[in-house]
Amino acid sequence: MNRDASTEAIRDPSQVLVVGKSPINRVVISKIVERSGLKPISESPDTAVRILRSLIPGAVVLDGGADNKDCDNLMSSIDALRRISGKSLPPVILLSTKNGTPESLGLSSVIDVVVAKPITPERLQPVIDRLLNR
């Protein structure tokens with residue numbers, strides 16, 4: 001990526017990019033995001049890459065699927081945004097079938113928090129609130 005993301009990408013902390021292969025899971029996650037007073041943008045892993053070229057969301061929620069790999073194609077785009085921002089922005093939440101930390105699960109360094117499934121407002125909403133209020 002040779003472009004200057006700060007001039008092309010719009011930073012909008014009120015928007016949360018929700019990415020996953022399952023449309024049903026994306027709807028559930030989006031409803032939880034809305035409960036935090038934020039605007040979800042629901043995308044499949046294939047279309048989310050385009051969004052990240054024009055928008056730096058307040059946070060990214062990835063549904064890892066059965067093996068935590070459904071959104072692996074986004075990691076380099078997210079990593080590039082975080083390097084440009086100079087801090088860990090946007091924060092990234094991975095919804096996983098496994099319990100653990102990003103390190104213990106051998107996940108990409110761009111993952112900040114792992115939330116174990118099933119996805120419930122009680123599990124996910126406090127994590128979203130904490131990451132966006134840090």
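Colleague: Which pattern does the protein follow when read along the sequence?

Modeller: The order is α-β-α-β-α-β-α-β-β-α. That makes five helices and five strands.

Colleague: What pLDDT does the protein average?

Modeller: The average is 90, and 93% of the residues score at least 70. Residues 1–6 are another matter, with a pLDDT below 50; beyond near neighbours in sequence, that stretch has six contacts in the model. Where pLDDT is low, the predicted coordinates should not be read in detail.

Colleague: Now the overall form. What radius of gyration does the protein have, and what would a compact globule have?

Modeller: For 134 residues, a compact globule would come out near 14 Å; the protein has 13 Å, which agrees. Its C-alpha trace spans about 40 × 30 × 30 Å along the principal axes. Of the 134 residues, 49% count as buried. As for contacts between residues at least 6 apart in sequence, 65% of them join residues at least 24 apart.

Colleague: On to a single helix. How many Å should helix 5 span?

Modeller: Count 1.5 Å a residue: the twelve residues of helix 5, residues 121–132, should span 16 Å, and the end C-alpha atoms are 16 Å apart, so the two agree.

Colleague: Which residues of helix 5 are buried?

Modeller: First the general idea: an α-helix has 3.6 residues a turn, so residues three or four places apart point the same way. In helix 5 the buried residues are Leu124, Gln125, Val127, Ile128 and Leu131. They cover an arc of only 165° around the axis, which puts them on the same side of helix 5. The face turned away from that buried side carries the exposed residues Glu122 and Arg130. Among the elements covering the buried residues of helix 5 are helix 2 (23–35), strand 4 (92–96) and strand 5 (113–116).

Colleague: Let me try helix 3 in that way. Which of its residues are buried?

Modeller: In helix 3, residues 45–54, look for Pro45, Ala48, Val49 and Leu52. Seen down the axis of helix 3, these buried residues fall within an arc of 110°, so they line one face of the helix. Asp46 and Arg50 are exposed on the face turned away from the buried side. The buried residues of helix 3 pack against strand 1, strand 2 (39–43), strand 3 (55–63) and helix 4 (75–85).

Colleague: And what covers the buried residues of helix 4?

Modeller: The cover includes strand 1, helix 3, strand 3 and strand 4. The buried residues themselves are Met75, Ser77, Ile78, Ala80, Leu81, Arg82 and Ser85. Just after helix 4, Gly86 takes a positive phi of about 80°.

Colleague: What should I look for in the backbone angles?

Modeller: Most residues other than glycine have a negative phi, and most peptide bonds are trans. Asn68 has a positive phi, near 65°. This residue sits in the loop between strand 3 and helix 4, and at 6% relative accessibility it counts as buried.

Colleague: One loop to finish. What does the side chain of Ser104 reach?

Modeller: It reaches the backbone nitrogen of Thr101 at 2.9 Å. Ser104 is in the loop between strand 4 and strand 5, and is exposed, with a relative accessible area of 53%. Ser108 is also found in the loop between strand 4 and strand 5; Ser108 is partly exposed at 27%. Its C-alpha atom is separated by 7.3 Å from that of Met75, 33 residues apart along the chain.

Methods:
Residues are numbered from 1 along each chain as its sequence is written. Side-chain values use heavy atoms; hydrogens and water are left out. Helices (H or I, at least four residues) and strands (E, at least two) are DSSP runs, numbered from the N terminus. The expected span of a helix is 1.5 Å times one less than its number of residues. Buried means under 20% relative accessible area, exposed over 50%, partly exposed in between (1.4 Å probe, protein chains only). The arc is that of the directions from the helix axis to the C-beta atoms. Contact means heavy atoms within 4.5 Å. A polar contact is a pair of N or O atoms within 3.5 Å; within protein, one must be able to donate a hydrogen and the other to accept it, and residues adjacent in sequence count only if both atoms are side-chain atoms. pLDDT is the predictor's confidence in each residue, from 0 to 100. The radius of gyration is taken over C-alpha atoms; the globule rule is 2.2 Å times the number of residues to the power 0.38.
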